[in-house]
Amino acid sequence: MDRMACVELPEFPLQLLLKRHPDWAGRPVAVVDRDKPQGVILWVNEEARVARVRTGMRYSAGLSLAHTLHAGEVPPADVERGVAAVAERLRRFSPDVEPSRDEPGVFWLNASGLSYLHVSLARNSPQGAKRGRGDGSSGKASASQCMLGEPDTDEVPAELRSGEGASHGWLARPASGAGTGQCSRYSTEFPPILGRAPWPRSMQPVLPSPCPQPGVGENCGLGRWAREIVASLRRCGFRAAVAVGFTRFGTYAVARTLTPDEPVAVIPDPAVEQMQAGRVRLSRLGIDPALRDSLHKLGVRTVRAFLRLPPEGIRRRFGPRARRLHRLAAGDLWAPLQPQRVAEPLVARCDLDDPETDAVRLLFHIKRLLDRLLAVVRARHEALAELRLRLRLDRADAHTERLRPAAPTVDVVQLMNLVRLRLEPLALGAGVTEVRVAGRAVATAAVQQGLFVERPRRDRAAAQRALARVRAEFGDEAVVRALSCEAHLPEARFVWEPVGTVPPPEPREVACRPMVRRIHTRPLALPPGLEPKPDPDGRSVRDGGAGWVRDLAGPYLVSGGWWHSAVHREYYFVRTGDDDMLWVYYDRRRRRWRWQGRVE
């Protein structure tokens with residue numbers, strides 16, 4: 001029967017919030033939908049649960065119960081990124097990973113056949129000390145619980161732990177009195193050993209013996225596999241529990257009952273899974289708080305009690321979601337594992353026999369790798385949106401370049417033109433020994449061809465290709481645009497950001513044309529002793545200018561920056577004789593006039 005594992009990260013958004021605020025550890029913490037008194041509590045930790053703070057409460061109600069309650073918001077985008085990162089890590093243990101669509105932090109993994117990759121030995125008890133005396137007697141060593149126990153390899157020789165014996169797997173023989181389907185206590189029998197042992201008596205070998213009970217070795221291997229998952233997630237800062245069983249709801253319910261001290265459970269057969277899932281309290285499941293409270297008033301507190309209710313009555317009284325939960329718990333609503341489809345990375349590489357310094361010969365190597373990538377992209381019905389080149393140098397650090405075409409494409413000529421423009425001015429400190437080409441592909445948009453081809457006066461596609469060539473030759477920072485931002489001084493109220501695609505213009509009619517203020521990156525200093533005041537004799541605020549000051553408006557004060565560097569400026573708008581509108585200011589601290597820019 002196929003095996004399935006449920007990996008549950010309890011209160012996953014709450015764990016993300018605690019990673020963001022590690023100083024909140026050990027205090028009552030809750031995740032709310034909005035950080036306001038009327039915000040609804042979505043997840044709480046164990047400290048908040050002890051203080052009787054429950055999900056569904058208002059934040060103000062939780063504060064009345066726990067005065068030290070800390071709360072915060074976790075945006076859905078952060079949760080999605082966290083789920084994607086955990087799913088990517090879980091794929092190291094199973095290729096089939098399905099994140100839950102209803103509850104973040106719950107994942108189902110395909111565990112079928114993985115026990116053969118994680119073979120473990122049963123833990124030996126002190127009673128097994130009699131086994132290696134060489135007197136022909138047979139010794140027995142009881143083992144701890146095969147499902148949850150960590151195998152004791154301290155007294156097992158390295159040849160048996162990692163050699164031929166470990167590759168075949170040592171299976172434990174069930175102890176006397178163990179019932180069918182149980183996995184509580186086991187013993188290992190050792191046949192007589194003739195002659196003197198080649199190692200000390202305290203390190204006698206554990207010889208293989210056939211296992212008459214099916215599934216015992218499988219449970220041991222899956223237990224080790226599950227513990228490795230928990231340890232891997234713990235290294236990433238997450239607390240997880242793993243239950244290996246046979247059904248979605250059964251493994252999920254058992255995983256919700258596991259504790260940090262015992263975070264792993266391997267269920268031997270479906271009957272035991274159904275029995276353990278029936279004992280789970282409904283408060284442990286991530287169900288609707290209103291449904292949980294309504295069932296609690298009726299005395300229904302466990303899954304077994306919930307299954308005793310009539311299905312049609314549940315649908316009429318509590319709605320379709322409660323009915324669906326009932327069908328899941330009863331096993332009537334079965335669905336196969338639906339893992340996420342993970343595309344193979346677009347990577348191609350080649351090793352060069354001798355360090356290459358010629359750019360033309362490098363282009364031929366890159367062209368051969370790029371053809372292989374584009375063949376895969378075309379088979380997926382996608383287009384290449386980004387190209388990354390990594391050149392490993394001889395006795396020097398690797399060099400990486402990133403290229404983006406004007407639009408996602410599979411045209412090798414256009415892409416190689418960008419590669420040529422980037423590599424021609426490149427000066428490498430050493431020869432190239434390895435070329436690695438990686439790409440990022442996107443789905444192509446279906447565009448319906450028109451009956452008549454429109455040829456506008458301005459070809460936007462050609463303009464985008466021209467900008468892509470400029471970026472390829474001079475770098476991504478060569479094509480930028482100004483973006484306004486919050487700042488105190490005018491020269492700091494904008495930043496330059498790279499432009500990927502130039503949006504089409506959207507002109508609109510306005511009653512009054514807006515004025516454009518052009519400013520210098522750094523204000524220009526005016527000649528000493530020159531003040532911008534009306535002067536018909538021809539004095540100008542511009543060094544060498546011909547216009548005289550005709551009008552003056554101001555001052556407009558800008559002061560502040562006492563926390564870093566105090567600033568006190570008196571701004572003026574100056575109209576010159578040739579109708580130029582200049583923007584100047586007097587720096588009170590430095591006692592100098594400066595030219596900030598002009599208004600058009």
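**Close-up 1. Helices α8 and α9 meet through G250, T251, A253 and V254 on the α8 side and E273, Q276 and A277 on the α9 side.** Here, being in contact means having heavy atoms within 4.5 Å. By class, this meeting place holds 3 nonpolar, 3 polar and 1 charged residues. In this scheme Ala, Val, Leu, Ile, Met, Phe, Trp, Tyr, Cys and Pro are nonpolar, Asp, Glu, Lys and Arg are charged, and the others, Gly among them, are polar. Before we go on, please note that this is a predicted model, in which local features need pLDDT of at least 70 and side-chain atom pairs count only at pLDDT 80 or more, while totals for chains, interfaces and linings use all residues. Residues are numbered from 1 along each chain as its sequence is written, and side-chain values use heavy atoms, with hydrogens and water left out.

Helix α8 spans residues 248-257 and helix α9 residues 270-278; they pack at an angle of about 50°, with axes 9 Å apart. That angle makes α8 oblique to α9. Angles under 35 degrees count as roughly parallel, over 145 as roughly antiparallel, 65 to 115 as roughly perpendicular, and the rest as oblique. The axes are lines fitted to C-alpha atoms, for helices over the stretch in contact, and the angles run from 0 to 180 degrees between N-to-C directions. The α8 and α9 crossing is left-handed, meaning that the near helix is turned anticlockwise from the far one by less than a right angle (clockwise would be right-handed).

**Close-up 2. Helices α12 and α13 pack at an angle of about 150°.** Residues 311-318 form α12 and residues 320-330 form α13, and their axes lie 7 Å apart. The two helices are therefore roughly antiparallel to each other. P311, I314, R315 and F318 of α12 make the contact with A322, R323 and H326 of α13. Sorted by class, the residues of this contact are 4 nonpolar, 1 polar and 2 charged.

**Close-up 3. F12 and F238 form a tilted aromatic pair.** A pair of aromatic rings is described by the distance of the centres and the angle of the planes. For F12 and F238 the centres are 5.6 Å apart and the planes stand at 35°. Rings of Phe, Tyr and Trp (its six-membered ring) pair if their centres lie within 6.5 Å; planes under 30 degrees apart are stacked, over 60 edge-to-face, and the rest tilted. F12 sits in helix α1 and F238 in the loop between α7 and β10, so the pair ties together parts that are 226 residues apart in sequence. F12 is buried at 0% relative accessible area, and F238 also counts as buried, at 11%. Buried means under 20% relative accessible area, exposed over 50%, and partly exposed in between (1.4 Å probe, protein chains only).

**Close-up 4. A406 lies in the loop between β14 and α15.** Helices (H or I, at least four residues) and strands (E, at least two) are DSSP runs, numbered from the N terminus. With 13% relative accessibility, A406 counts as buried. Leaving aside neighbours within four places in sequence, A406 is in contact with Q414, Q464, R465, A468 and T501.

**Close-up 5. R281 is found in the loop between α9 and α10.** R281 is partly exposed, at 41% relative accessible area. Not counting residues up to four places away in sequence, R281 touches R301 and T302.
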